[in-house]
Amino acid sequence: MPPLAPMIDNSGSAGSAPTAANRNAPFAATLIGIGAATAAAHIGNNFTTYLVGALMDRFGFSPFAMGAWNMAETLSYAAAMFLVAPRARGLDARALAMLASVVVIAAQAGSALTGVFPLLVLGRVGTGLGFGLMNSALNLAAGRTGSPARWISLGIAVQTLLYSAIAIGLPVIGRDYGAGGMFFGLAGLSVVFGLCALLLPGGKGSVETSAAKGGAIGPEGLRVLAAMALFAFGSLAIWPFIERTAHVIGIPATQFGLYQSLAVFMSALGNAGLAMVIQRLPRAWPLAAALGACSLACGLLTTVGSEAAFAAAFVAFMVSWFLTYPLLLRLAYAQPEGERLAVMTTGTWLLSQSLGSLAAGAMAQGFGAYTLIGPLGGAVCFMAIAAALPVARRLDRERQ
């Protein structure tokens, strides 16, 4: 049988041609598998902020130390994805997800048993590697469905629905059982999500042309990576400290959890809607609108002084962030490098977030406040529009 060429779906996304098994997979099973893998891959990013607050309260760690602690996880996350990227087509997404689950569960449970900073950093390295492997599995599985951007959006919709419940429960666990209880709780969730990820589309990708398989990333692919780098560095620099930001204006962690629950629920609705229309949308203006909204909301997060204003900015930030992410990945999947570039794009996100969190921790410690982080981050995030729009406009012209 001759090798299959990279497939272009109705939205113009490049990726592996789906196997017969993937084409015939039940919609519900694929949705559960991709949704569970999305939740398992991003649970650290979304809920590390509670661990940061609890560890600072219990052990007196400084903001800079916590920025470095978070950076250890996100750097390891990025390293795992860059390790997978050149080998993407030869890997089975389901097997990769199972390995990822084992690594994350062990690291989270181990972190619950110590308060020694070097050991906690080692635990973050472990979770980061596991999350990176899981996110790689997710990107590979989505790329093999024939409609990757749509499935990424559907996966985020499932993830955020699950997170709306976790955001209420995890702070309560932290209040009653401390950081150790939260670590164990996150380990237990990783067990459940890992088992559900067994429903991911399995199998390996098709054989690529030599240029797409081993060649250098093209100019448009580099633009996509630059856009993701700016977006992630700017929008997520404040993220490890977002619960601390709320704490400064008098919002306790349990109340912040309610706002996060609302924010991720609204994000679920937004991504479900995006999944329904993404194949008919142009690429340029939706991406520019989402990036612009995310930039503005990021700037407001650390400058508003009332609880109501913070809650509104937080909801807007979360919704716009979760819309921007699949819209950027849509550009990656549309390039000749397909799945490899998509994995590298997500790895770039984590690498940039790593640098952003360290910079944010240094700024917070140096200035004694988080105020400047939001506006500066928003400005950097806005710059991603200039990097991404030429690629989006070119693809829109080809589609006409």
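A: In the largest pocket, helix H6 gives the most to the lining, with 6 residues. Helices here are DSSP runs (H or I, at least four residues), numbered from the N terminus. This is a predicted model, in which local features need pLDDT of at least 70, side-chain atom pairs count only at pLDDT 80 or more, and totals for chains, interfaces and linings use all residues. Residues are numbered from 1 along each chain as its sequence is written, and side-chain values use heavy atoms, with hydrogens and water left out.

Q: Which residues lie closest to the centre of the largest pocket?
A: On a 1 Å grid over the protein atoms alone, a pocket is an open set of points with protein on both sides within 12 Å along at least five of seven lines; a cavity is a set where a 1.4 Å probe fits but cannot get out; lining residues have an atom within 4 Å of a point. Here the pocket has 17 lining residues, and those closest to its centre are Gly53, Ala54, Asp57, Gly174 and Ala253. Besides H6 (148–196), helices H2 (27–59), H9 (242–248) and H10 (253–277) each supply at least two residues of the lining.

Q: Which residues lie nearest the centre of the largest cavity?
A: Asn45, Asn46, Leu236, Trp321 and Phe322 lie nearest, among 14 lining residues. H12 gives the most to this lining, with 5 residues, while H2, H6 and H13 (338–367) each supply at least two.

Q: What lines the second largest cavity?
A: Ala40, Ala100, Ser101, Val104, Phe131, Met134 and Ser190 line the second largest cavity. Helix H4 (93–111) gives the most, with 3 residues, and H5 (117–143) supplies at least two.

Q: How many aromatic pairs are there?
A: Rings of Phe, Tyr and Trp (its six-membered ring) pair if their centres lie within 6.5 Å; planes under 30 degrees apart count as stacked, over 60 as edge-to-face and the rest as tilted. By this rule there are 19 aromatic pairs. Trp239 and Phe314 form a stacked pair, 6.1 Å centre to centre with 20° between the planes. Trp239 lies in the loop between H8 (219–236) and H9, and Phe314 in H12, so the pair ties together parts that are 75 residues apart in sequence.

Q: Is Phe314 buried or exposed?
A: Buried means under 20% relative accessible area, exposed over 50%, and partly exposed in between (1.4 Å probe, protein chains only). Phe314 is buried, at 0%, and Trp239 is buried at 6%.
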